[in-house]
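Dear colleague,

Please read them alongside the coordinates.

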Amino acid sequence: MERLPMTAAGFARLEGELKDLKSNARPAVIQAIATAREHGDLSENAEYHAAKEQQSHIEGRISELEDKLGRSEIIDVASISGASIKFGATVQLVDEDTDEELAYQIVGEDESNIEEGRLSISAPLARALIGKEQGDSVEVTTPGGSKAYEVLNVQYIG
């Protein structure tokens, strides 16, 4: 069984989503199905079919979250130190072509959000950064072409 690395914050977000699905979304869709059943013939009841489809999506997401949470390996970022880039590192970069500065924290796949500065460990840039240190240059092949970055700083912020 493959372990899924994630930060404590990412684990808490997934756990919160699971709790919401179980305590709010699931009961609401069960009520919607019951209400739609009262309208009679189920073969031509669009409300019933829509509610059943929504129930299927909710149950699928609950199963997916339970699996991911069960396989998660919570990494305590605050306890990590060192100069080289590892999972959980917050990395400041400069684009060597445009001089644009960027900052990303390397996180698990389910907690990544590029707009919020959280970069998935499986992203090409993150894979290229692993093991690098401050002052190193990294070249990454992206769908938009090749990009070069210099590592300005590496921190482990809990």
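Predicted model: local features only at pLDDT ≥ 70, side-chain atom pairs only at ≥ 80, totals over all residues.

**Salt bridges and helix packing**

Residues are numbered from 1 along each chain as its sequence is written, and side-chain values use heavy atoms, with hydrogens and water left out.

The side chain of E66 meets that of K22 in a salt bridge of 2.7 Å, N to O (a side-chain nitrogen of Lys or Arg within 4 Å of a carboxyl oxygen of Asp or Glu). This pair links distant parts of the chain, with K22 in helix 1 and E66 in helix 2, 44 residues apart (helices are DSSP runs of H or I, at least four residues, and strands runs of E, at least two, numbered from the N terminus). K22, at 36% relative accessibility, is likewise counted as partly exposed.

The structure holds ten salt bridges, including one between E17 and R61 at 2.8 Å, N to O. Another joins D110 to K68, whose closest N and O atoms are 2.7 Å apart; D110 lies in the loop between strand 4 (101-107) and strand 5 (118-120) and K68 in helix 2, so the pair ties together parts that are 42 residues apart in sequence. At 15% relative accessibility, K68 counts as buried, whereas D110, at 34%, counts as partly exposed.

With kind regards

How values were computed:
Buried < 20%, exposed > 50% of the residue type's maximum accessible area, 1.4 Å probe, protein only.
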